[in-house]
Amino acid sequence: KNINSITTSSDENKRRYDNMYTTKTATNIRQEKEQNINSKSDVVMNSNINVMGGDVKINTGGNILTRNINNMINADNINLKAGKDIGTDLQPVQPVVYSKTGSIVANANNIYMNFNTMAEDNAFNKLELKTLLTGGSIKLLTDGDLIEKNISNINIKADNLSFDVKGGDVSLDVKKNSTLDNLSVSVLDGIADGAINIALNDNLNIYSLRSRNNDDIRLTSYYFSIHSAIQNSINGIIKNIYGKNVVLSAGGEIGTKENPITIANDGNYYVTSKNDINLKSDSRVYVDLLKSTSGNVNVEAGYGIMAANSTDDLFYNVYGKDINLTTHAGNLENMSIFSDGVLNLIAGYTNDGKPSGLSDINVTVVSHEKVLDEDASKITPEEYERKYNLNKDLKIGKIQASKDVSLYADGSIINADKNSSVAGREVILASKAGHVGTESSPININASRNVSVYAGEDKNVCLNSLSEYGLSIDEIRTFVKNDGSDKSAP
């Protein structure tokens, strides 16, 4: 039995439907105060439900569905509770709230909602209403901004939250939006025409986030980690991030070595974390900053890793313990690196070790942080030794380029272990104030052309050639500052 066309007058406070029907179909329900629908089974909308100036409450043990994606629920307050799902992926339910103090409350196994901006006064698109969405999977669609700056109490709890935003941005920041009461999401997946900014207190697990207009993607986990929710079996087909400039920040780690955060497009990267950073891109990576305060930095790129133009005023571009940078068909270029561990750099090789192009390595490794005048008196000897000592050793692991290698360091350049080596067509190693290799552990060099080495004053140069062509020396000498007193340092 179906309930088709129902119109209620303003003097009726509410209408209740009993639980005897197998399926309830609501069509053109109109009432000024309140409309309650209770059912043990599915509730299906044939047309709009209009309760202007009042409330709509639907409670069912089955699904809440719509026969047409243009059907709307129009009210000041909307409360939907289903034992199964609300809407479907292809036919989401459309709530329209007109009161700026109104609310949308939805609770179901899975929730599919389209927040339509066709209604001029739809308050959800100004987000001045209270919203509570609870479900296993929640998908939100809108042709305006999903979340704007001035919002009220928003609560979303879901295993999976996805969105499709046409014509606007996405901004979910639990700190900037102080009245965002609770946003608890296990996995995030979505697409927007504009920028995407999501910042949570919890772990941030990303399936795929895309900006249609190639706008910025900003993701923050204030206290925990940012991880990929894509299984390794399909990693590489679907990327975690599709956007121009990528800004990531985490109180824990970003990605894992086995399952890094994958990024599709060329863009500037500004990435900071407490623990390890693990990123992979098939495109070019322009580095503003990659900084792990107590972990390693692992980045793999398809067509080069290089300093961004906007980082000219930064003291370093990459900061961490072990630094592992790999590019398969481009250069590692013009970057300053702070490494408190082992440095591994590979340019122009496939994952199976075959050369894939003529790629250079050209980096400077700083062994200290920049000391600001106002901080100089506050630095302890221990902190100076750890952060600011100009003679801090650079430990190299595997440095390999399909073309040339140019490696500059403040302190000594030494091997991390017996397998350490430097390989390239031409190789330049320069230490401003230290040794290059030691007598007990010389630097292993595999160069098909010339080798140039520069060491600190009265410091040693110790090399061991692994090349079948022998060791072709261009020059070995003391590193000279570019002050006009001698040949300029390379």
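How much accessible surface does the chain have, and what share of it belongs to carbon and sulfur atoms? In this predicted model, the accessible surface of the chain comes to about 21900 Å², and 43% of that area belongs to carbon and sulfur atoms.

View 1. Of the 490 residues in the chain, 51% are buried. Among the contacts in the chain with a separation of 6 or more, 39% are accounted for by residues 24 or more positions apart.

**View 2. The largest pocket holds about 450 Å³ of space.** Its lining is made by 24 residues, and those that lie nearest the centre of the pocket are Val299, Glu300, Asn324, Thr326 and Asn351. The elements that give two or more residues to this lining are strand 24 (277-281), strand 26 (297-301), strand 29 (323-327), strand 31 (342-347) and strand 33 (394-401).

**View 3. Ser162 is a buried residue of the chain, placed in strand 13 (residues 154-165).** The relative accessible area of Ser162 is 16%, and because buried means under 20%, Ser162 falls in that class. When neighbours within four places in sequence are left aside, Ser162 is in contact with Ile138, Lys139, Leu140 and Asp189. The C-alpha atom of Ser162 is separated by 8.3 Å from that of Val187, a residue 25 residues apart from Ser162 along the chain.

View 4. With a relative accessibility of 15%, Thr220 counts as buried. Apart from neighbours within four places in sequence, the residues in contact with Thr220 are Ile198, Ala199, Leu200, Leu204, Ile226 and Ser249.

**View 5. Lys139 and Asp89 meet through their side chains in a salt bridge, with 2.8 Å from N to O.** This pair links distant parts of the chain, since Lys139 is in strand 12 (residues 130-142) while Asp89 is in the loop between strand 8 (85-86) and strand 9 (94-97), 50 residues apart. Asp89 counts as partly exposed, at 42% relative accessibility. Lys139 is also one of the residues in contact with Ser162. In the chain as a whole, the count comes to eight salt bridges.

**View 6. A salt bridge joins the side chains of Lys432 and Asp410, at 3.8 Å from N to O.** Lys432 lies in the loop between strand 37 (427-431) and strand 38 (443-447), and Asp410 lies in the loop between strand 34 (405-409) and strand 35 (413-415), so the pair ties together parts that are 22 residues apart in sequence. Lys432 counts as partly exposed, at 47% relative accessibility, whereas Asp410 counts as buried, at 6%.

**View 7. Asp164, Asp193 and Arg212 are linked in a network of salt bridges.**

**View 8. Leu471, Ile473 and Ile476 make a nonpolar surface patch of about 240 Å².** Ile473, one of these residues, has its place in strand 41 (residues 472-478) and is partly exposed, with a relative accessible area of 47%. The side chains of Glu475 and Arg477 meet in a salt bridge, with 3.3 Å from N to O, and both Glu475 and Arg477 are buried.

Definitions and conventions
Residues numbered from 1 in each chain as written. Predicted model: local features only at pLDDT ≥ 70, side-chain atom pairs only at ≥ 80, totals over all residues. Heavy atoms only, no water. Buried < 20%, exposed > 50% of the residue type's maximum accessible area, 1.4 Å probe, protein only. Contact = heavy atoms within 4.5 Å. Areas by Shrake-Rupley, 256 points an atom, 1.4 Å probe, with all protein chains shown as cover. Patch = residues over 30% accessible without salt bridge, like charges linked within 9 Å, V, L, I, M, F, W, Y side chains within 5 Å. Salt bridge = Lys/Arg side-chain N within 4 Å of Asp/Glu carboxyl O. Helix = DSSP H or I, 4+ residues; strand = E, 2+ residues; numbered from the N terminus. 1 Å grid on protein atoms, 1.4 Å probe; cavity = no way out; pocket = protein on both sides within 12 Å on 5 of 7 lines; lining within 4 Å. Points joined across faces, edges and corners; volume = space filled by probe spheres on them.
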